[in-house]
Each structure stands twice: as structure tokens, then as C-alpha cells.
Amino acid sequence: MNNSFSLQKKSQKFFFFLIVLLIISQCLLLPLKGFGQKKADSKLEKIPVSLERDYALSALPPHLRKGATVYLLDPAKGYYIDKKGTNGFVCFISRMEWEWGEFRNDYTMPISFDSAGAKAIFPVYQAVAAMRASGKFTATQIKNIVIGRIRKGIYKAPARPGISYMLEPVMRGYPGDPTSNKIMTMSMPHYMFYAPYMNTSDIGGDTDNGPFVSNPDNTVLGDKKGPYGYIIMPAGEIEAAKIVKDNSDLLKRLVAYKSYYKIKGGGM
């Protein structure tokens, strides 16, 4: 009788032990499931090639477009050359800004660099796009990798003063710094001059009318520690209106592709 009772007690303990193991295993799997979902969210939709090409080129003033190198994005691999240029300028559509540490499928910012920016800044965009395309990293991991490479001196500021054009008629991105992940559609053609390790107060800037310094790296790395800052000079009202008018066909194609490209009153 005592043996039977002891056996029953042991069986209950064993059964309880199995239940505990099952619960623990499920708890351990939860982060892995979440991590897998994060990686799946990194998948981007391929923009139609002709639209992506024309949208990327719209970042540049017309006289530079013919000689510029155009990069397009393969969501499964990263950026690739669509057209090899001759004037040292590159243009492409940024689909992720690493400082914000998030994956979005509706972030699109056409941007161009002169030869100095193409050498120093564009490789960061290439690496970020390749890491995202691989599906092996979360957005936070990509952010931390870039921060580490900047601190190690792998990624550096441009070697000389230079310019990045963002003269596209419309863009969809973050209107503020990495403390806010708000995103919106904007029409704000502008010029960007390299200003590493600077902030707006250094130039007595005016964020309402320009010029001002945009340097999200400062928010991430500490004030005046960001190598990828820019002095932003918005295009004048007449020039901006002309840019929108001259790109009316492109705007129609963009809205037909995704309705969120429609510009509302006030250019937003």
C-alpha cells in the first residue's frame, strides 16, 4: 500500500515537472517568435523600376541628371547600379534612416550626393539596405552596428565640404529628429551642405525659414558628435513651386502607385 502511494506520488511529481518544462520552453520561444516577426517586417516592396529611376533622379537639378549614377534597390539584396554616370554624383531613394531604429515600408526619400558624399556617406546607406535585405537583423541591431562603426572610425565624415541635393517635388519621411517616429508626406525641395559635428546654434540657424542644421546623428551619438550633419537651405517659394509644376507627371505616377504621396495643403 505504501509502495503504491509512493509510486503515485512520484508520478504526480513527474507529471508536474513535465508541465513546468513545457511552460518554460514556451516562454523561451516567445522572444524568438517576436524576433522572427521583426525580421519578416524588414521586407520591402520593389518600386516599379521606371518610377524608382525617375523619382531618384528628381533629387538632382536637371543639368546633373544625365551624368549621374542612379542606384535602385533590390529588396532582397540592397542597392545596385541602374545607370553608370560620369559626373561623380549619385542618386537613390533612401528607404530607411538607421538613426530612427525602425523598419517602415512607406519611407521614401530621394537623395543625391556629390563625389565626397558618394564616398563617405552613401556606403552607410548601402550597408543598411544590405543588412535589412538579408533579414538577419532587427532595425535596432542595424542602428547599433552603424553606431559601432562610426565610433571605430570605419564610417567617417566627408573629406571636404560638399553638397547633397534633395530637390524632389515630394518626399515621405520623418519631419523631426529620432526622438519621434512620426512620418509624413512633404513637399520641401532643399539643398544640403555637409556640416559634420555641428548643430543649428553654430550657424545661428532658423528652423522655420532656413538655413538650419539637420543632424540626427547628434541625437544618437551626442551633441556635435554626428559625422553626417547638413546645413539645410530650402528652395525659395518660386523655385519650389516651379519644381512641383515641372514634376507634375511624376507626382501623378507616384500618387497612382501609392495614395500617400498626395500633397495636401501647405505642402504637407
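Predicted model: local features only at pLDDT ≥ 70, side-chain atom pairs only at ≥ 80, totals over all residues.
Residues are numbered from 1 along each chain as its sequence is written, and side-chain values use heavy atoms, with hydrogens and water left out.

The two strands belong to an open sheet of four strands in the order 2-1-3-4, with mixed pairing, where two strands pair if DSSP finds at least two bridges between them. Strand 2 (78-83) and strand 4 (109-113) are the edges, each pairing on one side only, and from one strand to the next the twist averages 30°. Helix 2 (residues 49-57) packs on this sheet, touching strand 1, strand 2, strand 3 and strand 4, and its direction makes about 135° with that of strand 1; contact means heavy atoms within 4.5 Å, and the angles run from 0 to 180 degrees between N-to-C directions, with axes fitted to C-alpha atoms, for helices over the stretch in contact. Helix 5 also packs on the sheet, touching strand 1, strand 2, strand 3 and strand 4, with its direction at about 120° to that of strand 2.

Now to the cavities: how many of 30 Å³ or more does a search of the whole structure find? There are three, a cavity being a set of points on a 1 Å grid over the protein atoms alone where a 1.4 Å probe fits but cannot get out, with lining residues having an atom within 4 Å of a point. A volume is the space filled by probe spheres set on the points, which are joined across faces, edges and corners.

The largest cavity has a volume of about 80 Å³, and its lining includes L44, L73, Y125 and R132. Helix 5 (residues 122-134) gives the largest share of that lining, four residues.

The second largest cavity holds about 50 Å³, and L44, L73, A129 and R132 are among its lining residues. Strand 1 (69-74) and helix 5 each supply at least two residues there, and helix 5 gives the most, with three.

Notes: 1 Å grid on protein atoms, 1.4 Å probe; cavity = no way out; pocket = protein on both sides within 12 Å on 5 of 7 lines; lining within 4 Å.
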